[in-house]
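Student: I have a new structure on my screen and would like to learn how to read it. Could you walk me through some of its features?

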Amino acid sequence: MLLSINAFAEIPGGQVATLLNYESTATRPDSNGNESVTSIINSYMEYTMPTNISVYGGFAFVIGEDFESGVTVGSRYYSATPIFQSFSGLTAWSFIGGGLSFLEGTVYYPEAGFRIAISNTSRLDVYMKILNSSDSKYDNHVMIGAGLTF
């Protein structure tokens, strides 16, 4: 549904885009009989303001010992100037952010990464996030992710 709403649109003072992410667990605590997360697929809409701040929200699909889905909201702050720019047009910005996922348990996370321009309308995100929760199923998971914004 998110893809059919809007793939890319200009709003006065900002920009709306579709953001699709895949995250895989880099480290997780010993399960000791508890369930844990293997990977997460996210489907978001992101609104980026001219002040380099974005807000996003959408659906998260958790793959692990059990499949589940939930809603996620978050925000990112992108560097004002590119950290890397090549003559071929490849440009990269760094970002930090955080968010909340409402799954079987509430999960909050900080995240940090890079956004790389791969075309005039598409961006590739590479990032790391640390899941925190009072539910041991999600707590202390380090996720490595990649996403496409278009």
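Tutor: We will look at strands, then a lysine in a loop, then salt bridges. This is a predicted model, in which local features need pLDDT of at least 70, side-chain atom pairs count only at pLDDT 80 or more, and totals for chains, interfaces and linings use all residues. Residues are numbered from 1 along each chain as its sequence is written, and side-chain values use heavy atoms, with hydrogens and water left out.

Student: Thanks! Which strands pair with S3?

Tutor: Strands (E, at least two residues) are DSSP runs numbered from the N terminus, and two of them pair if DSSP finds at least two bridges between them. Here, S3 pairs with strand S2 (residues 14–27) in the antiparallel sense over 10 bridges. S3 also runs antiparallel to strand S4 (residues 53–64), with 11 bridges joining them.

Student: Which residues stand opposite each other there?

Tutor: Glutamate 23 faces isoleucine 40 in S3. On the S4 side, threonine 48 has serine 54 as its bridge partner. S3 and S4 make a hairpin with 4 residues between them, and asparagine 52 in the turn has a positive phi of about 70°.

Student: Is S3 mostly covered or mostly open?

Tutor: A residue is called buried under 20% relative accessible area, exposed over 50%, and partly exposed in between (1.4 Å probe, protein chains only). Strand S3 (residues 37–48) is mostly covered, with 9 of its 12 residues buried.

Student: Where is lysine 137 found, and what does lysine 137 touch?

Tutor: Look in the loop between strand S9 (123–131) and strand S10 (141–149). Lysine 137 counts as buried because its relative accessibility is 6%. For contacts, we ask for heavy atoms within 4.5 Å. Leaving out residues up to four places away in sequence, lysine 137 touches Glu35, Ser36, Val37, Asp66, Glu68 and Glu104. Glutamate 104 is 33 residues from lysine 137 along the chain, with 9.3 Å between their C-alpha atoms.

Student: How many salt bridges does the structure hold?

Tutor: Side chains of opposite charge can pair when their charged atoms come close. We count a salt bridge when a side-chain nitrogen of Lys or Arg is within 4 Å of a carboxyl oxygen of Asp or Glu. The structure holds 7 of them. In one, glutamate 23 meets lysine 129, with the closest N and O atoms 2.9 Å apart. This pair links distant parts of the chain, since glutamate 23 is in strand S2 and lysine 129 in strand S9, 106 residues apart. Glutamate 23 is buried at 0% relative accessibility, and lysine 129 is buried at 4%.

Student: Which residue forms a salt bridge with arginine 115?

Tutor: Its partner is glutamate 46, the closest N and O atoms being 3.1 Å apart. Arginine 115 lies in strand S8 (residues 106–117) and glutamate 46 in strand S3, so the pair ties together parts 69 residues apart in sequence. Another salt bridge joins arginine 76 and glutamate 111 (3.1 Å, N to O). Arginine 76 lies in strand S5 (residues 68–78) and glutamate 111 in S8, so parts 35 residues apart in sequence are tied together. Through shared partners, salt bridges join Glu46, Arg76, Glu111, Arg115 and Asp125 into one network.
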